[in-house]
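Here is a short briefing on one protein chain. Have the coordinates open and follow the topics in turn.

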Amino acid sequence: MKVNTTSNGGLLSAVLFFLFVPSNNAQSQVRRLDQRVPALQMITGSDSSFDKTILELVDKVNGKDIRSLIETLASDSFEGRATGSAGFEKAADFVAQHFEKNNVVPIGSSYFQKFKLDTKTVRSKVHLHETSNDSVETMNVIGIKKGTFHPDEYVLIMAHLDHLGKRQDSVYHGANDNASGVAVMMTVAEMLKNVNTSRSVVFIAFTGEEVGLMGSAYFVTHPPIDLKKIKFMVNLDLVGSGSNGMMVQGIDGHENEFSEIQQINQTYFQFELGTRPNSPNSDQYYFHLLGVPAFFMYAYNGTMPYHSPGDTAEKIDILVVENVAKFVLMNAWKFAQKGR
Ligand SMILES: [Zn+2]
């Protein structure tokens, strides 16, 4: 964010400071979210949580690969992934197959946590797959990478998979909202494929977010894991566009975890990090209410069309998704390695 240099600049920058509190001190340089990050292996960081193995993995993260996952998720054949639709189920299969390829296994007998959604109680029927039934069946997609030392402690990486579907002949592709978050989550899973973590890492693609956080509400009321053992959680939504930095929401009550996030940022990335308290705007909401250190990360000041058929994959910024994936991978790794 630019600071105004006119006579009102002092006041304006004070106001902006409260709207968007940067995590870096004044002397340090701030890197835009759409700028390439130098190879982390070259940085002599002071943080011993990160050995060569993980730095190499982070350096391998490639925005072009992430965008090709987004292209698939946001393609016409997935029909805008409306909750309860065949297109959503295809997308859910695609995520489950990716889990399977990358040593992420089901928690129970299936990757799919199926449930019936009462069509009369959803917040926004407009965003539900057109149906005359009283309920539709849908599912969250959940996979786990088992921890080596503390398999019963968890780090969660999640993103909502559903979007608005089709209206008349228009497909609402939902590339930024939220194929971007799902693709970053899938990428983190892929990067961790051949390394061991101390804690378990759980990956979730939620359904029903656009109709009122229904998938995450079902998960917290029917949890397949002990919610009290979730030590860190990142929810990703709208991470494909926006140069100014990242917003980290839900820091209230979890200042210690947030200071670790800031430390990673300071040492390796130098992005501008804004902060907000928890609010019911995405799937971290109920987790945070239950006391989980649940952080919602999104790219700040994105320019992509929102809830419009124009939210398409070719507009996704390769460097933004790449940088977000690198940042989330570092954070997931740090919290997953504790207790070793
Ligand atoms: Zn969204």
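Leaving aside neighbours within four places in sequence, Leu-161 is in contact with Arg-81, Ala-91, Ala-92, Val-95, Val-141, Val-182, Ala-205, Phe-206 and Thr-207. Keep in mind that this is a predicted model. The protein has nine helices and ten strands. Of its 340 residues, 51% count as buried.

- Leu-161 sits in the loop between β3 and β4 (166-167).
- Leu-161 and Gly-215 are 54 residues apart in sequence, while their C-alpha atoms are 9.9 Å apart in space.
- Across the protein, 83% of the contacts with a separation of 6 or more are between residues 24 or more positions apart.

**Strand β6**

- Strand β6 covers residues 199-206. Eight of its eight residues are buried.
- Strand β2 (residues 135-145) pairs with β6 in the antiparallel sense, over five bridges. Here Gly-143 stands opposite Phe-203 of β6.
- Strand β3 (residues 150-160) runs parallel to β6, and eight bridges join the two. Here Leu-156 stands opposite Val-202 of β6.

**Strand β7**

- β7 spans 230-236. Six of its seven residues are buried, so the rest of the structure largely encloses β7.
- β3 also pairs with β7, in the parallel sense, over six bridges. Which residue of β7 is the bridge partner of Leu-156? The partner is Met-233.
- Strand β10 (residues 294-299) pairs with β7 in the parallel sense over four bridges. Met-233 stands opposite Ala-294 in β10.
- In a regular strand, side chains alternate between the two faces of the sheet.

**Helix α7**

- Helix α7 (residues 255-269) has 15 residues. From first C-alpha to last, α7 reaches 20 Å, close to the 21 Å expected at 1.5 Å a residue.
- The buried residues of α7 are Glu-257, Ile-261, Asn-265, Tyr-268 and Phe-269. Seen down the helix axis, these residues fall within an arc of 100°, so they line one face of α7.
- An α-helix has 3.6 residues a turn, so residues three or four places apart point the same way.
- The buried residues of α7 pack against β7, β8 (246-249), β9 (273-276) and α9 (318-336).
- On the other side of α7, Glu-255, Asn-256 and Ser-259 are exposed.
- Just after α7, Gln-270 takes a positive phi of about 60°.

**Nonpolar core**

- How many residues make up the largest nonpolar core? It has 102. Those with the most contacts inside it are Val-184, Met-185, Val-188, Met-246, Val-328, Leu-329 and Ala-332.
- α9 supplies the largest share of this core, twelve residues.
- Not counting residues up to four places away in sequence, Ala-332 touches Val-155, Ile-157, Val-188, Val-201 and Val-234.
- In soluble globular proteins, nonpolar side chains tend to be buried together.

Technical notes
Residues numbered from 1 in each chain as written. Predicted model: local features only at pLDDT ≥ 70, side-chain atom pairs only at ≥ 80, totals over all residues. Buried ≥ 20, exposed ≤ 12 C-beta atoms within 10 Å, placed from the backbone. Pairing = 2+ DSSP bridges. Expected span 1.5 Å × (residues − 1). Arc of directions from axis to C-beta. Contact = placed C-beta atoms within 7 Å. Core = buried A, V, L, I, M, F, W, Y, C linked by C-beta atoms within 7 Å.
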